[in-house]
Amino acid sequence: MTKTPQAETGSPKPLPRDAGALPLPLPGHAVDQVVTAALAEDSPWGDLTSQALIPAETAATAFLTAREEGVFCGEQVLEAAFRLAGPGAAVIGLVRDGERFDAGGILAEITGPARTILAAERVALNLAQRLSGIATLTARFVAEAEGTRARIADTRKTTPGLRALERYAVRCGGGSNHRHSLSDAVMAKDNHLAILASMGADLASALRQARDRLSHTVHFEVEVDSLDQIEAVLAGGADTVLLDNFSVEDLRRGVETINGRALTEASGNVRLDTVAAIAATGVDIISAGALTHSVRALDLGLDIRA
């Protein structure tokens with residue numbers, strides 16, 4: 001059943017209790033690479049404050065606490081930050097990735113040398129706050145599209161160097177990942193088509209020639225910005241047609257025109273107050289750069305008891 005779109009001024013749907021099945025973990029080397037670089041940036045010559053004030057033998061316990069509700073993402077980055085900052089720290093996770101939490105909840109407990117905890121604190125928080133912000137926003141988008149066929153997907157509009165982590169956070173929020181990089185799939189966008197047009201190429205023929213050069217395992221997606229491009233793109237062999245910056249009414253017409261001959265994807269002007277109406281058009285995929293490029297970090301804190 002198709003859900004009735006909310007008014008644009010309406011409040012967003014509440015977060016689900018659980019964003020979905022726990023996604024496959026990130027490769028450990030990818031997490032360690034990001035965290036190692038972040039620690040080196042934050043304390044290139046050591047933590048002068050802790051070395052001056054805190055005796056080396058001092059132990060401490062810290063609690064990662066939520067100052068607002070959200071969906072958690074950060075198990076691996078927390079473990080890596082405290083492990084790589086120095087020996088002896090241990091992290092006990094109390095909330096799993098993809099789980100919802102309330103304001104005031106304790107998300108993790110960290111024990112070990114006080115100097116190690118202090119050295120890792122900012123890096124651990126920065127990463128966990130950003131990833132949890134992405135997971136939380138994604139869960140809100142997914143909730144708005146509930147009851148439709150549309151899946152919510154990210155884009156390549158990610159923070160340089162953090163793509164693997166941010167896309168994992170999208171999965172923790174119940175979303176899906178688009179192609180990871182330029183090497184993963186063919187996606188002919190408006191600038192590609194503009195170059196073909198400037199060469200005088202026939203669109204359907206140019207796409208079909210490209211399709212014929214690809215391995216059968218390569219997905220072929222083409223972006224269109226008007227309804228009159230659709231038939232040529234389908235004739236060119238597109239697996240997915242990306243309807244870019246279409247009005248809701250034109251999205252419906254585009255889905256009807258394609259009529260199952262390819263997957264349909266909507267992108268452009270996708271916000272929390274528009275995604276329900278977009279999903280109700282019957283598109284298969286809704287890609288939203290906002291999930292990663294302009295997300296607000298969630299408010300988490302690390303409270304230490306010596």
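Predicted model: local features only at pLDDT ≥ 70, side-chain atom pairs only at ≥ 80, totals over all residues.
Colleague: How many helices and strands does the protein have?

Modeller: Helices (H or I, at least four residues) and strands (E, at least two) are DSSP runs, numbered from the N terminus. Here there are 11 helices and 12 strands. The C-alpha atoms fill a box of roughly 75 × 40 × 25 Å along the principal axes.

Colleague: What share of the residues is buried?

Modeller: Buried means under 20% relative accessible area, exposed over 50%, partly exposed in between (1.4 Å probe, protein chains only). Of the 306 residues, 46% count as buried.

Colleague: And what share of the contacts joins residues 24 or more positions apart?

Modeller: Contact means heavy atoms within 4.5 Å. Take the contacts with a separation of 6 or more: residues 24 or more positions apart account for 73% of them.

Colleague: Now helix packing. At what angle do H1 and H3 pack?

Modeller: Axes are lines fitted to C-alpha atoms, for helices over the stretch in contact, and angles run from 0 to 180 degrees between N-to-C directions. Helix H1 (residues 28-42) and helix H3 (residues 75-85) pack at about 50°, with axes 9 Å apart. Angles under 35 degrees count as roughly parallel, over 145 as roughly antiparallel, 65 to 115 as roughly perpendicular and the rest as oblique. H1 and H3 are therefore oblique to each other.

Colleague: Is their crossing left-handed or right-handed?

Modeller: A crossing is left-handed if the near helix is turned anticlockwise from the far one by less than a right angle, and right-handed if clockwise. The crossing of H1 and H3 is right-handed. H1 brings Val-31, Asp-32, Val-35, Thr-36 and Leu-39 to the contact. H3 brings Gln-76, Val-77, Ala-80, Ala-81, Arg-83, Leu-84 and Ala-85.

Colleague: How do those residues divide by type?

Modeller: Ala, Val, Leu, Ile, Met, Phe, Trp, Tyr, Cys and Pro count as nonpolar, Asp, Glu, Lys and Arg as charged, and the others, Gly among them, as polar. The H1 and H3 contact has eight nonpolar, two polar and two charged residues.

Colleague: How do H3 and H4 cross?

Modeller: Their axes come within 8 Å and cross at roughly 160°. That makes H3 roughly antiparallel to H4. This crossing is right-handed too. From H3, the contact uses Val-77, Leu-78, Ala-81, Phe-82 and Ala-85. From H4, the residues include Thr-116, Glu-121, Leu-127 and Leu-131. The contact divides into 12 nonpolar, one polar and one charged.

Colleague: Where does Leu-127 sit, and what does it touch?

Modeller: Leu-127 is in helix H4. It is buried, with a relative accessible area of 11%. Leaving aside neighbours within four places in sequence, Leu-127 contacts Val-34, Val-35, Val-77, Leu-162 and Leu-165.

Colleague: Is Ala-135 buried or exposed?

Modeller: Ala-135 also lies in H4. At 0% relative accessibility, Ala-135 counts as buried. Beyond four places in sequence, Ala-135 touches Val-71, Phe-72, Cys-73, Ala-169, Cys-172 and Gly-173. Its C-alpha atom is 9.7 Å from that of Val-295, 160 residues apart along the chain.

Colleague: Which residues touch the most other members of the largest nonpolar core?

Modeller: A nonpolar core is a set of buried Ala, Val, Leu, Ile, Met, Phe, Trp, Tyr and Cys residues joined through side-chain atoms within 4.5 Å. The largest has 78 residues, and Leu-64, Val-241 and Ile-286 touch the most other members. Helix H4 (residues 114-144) gives the largest share, 14 residues. Val-241 touches, among others, Val-222, Leu-234, Ile-258 and Leu-263.

Colleague: Last, phi. Which residues other than glycine have a positive value?

Modeller: Among them are Asn-245, with phi near 55°, and Asn-259, near 50°. Asn-245 lies in the loop between strand E9 (240-244) and helix H9 (248-258). Asn-259 is in the loop between H9 and strand E10 (263-267). Asn-245 counts as exposed at 53% relative accessibility, and Asn-259 counts as exposed at 62%.

Methods: Residues numbered from 1 in each chain as written. Heavy atoms only, no water.
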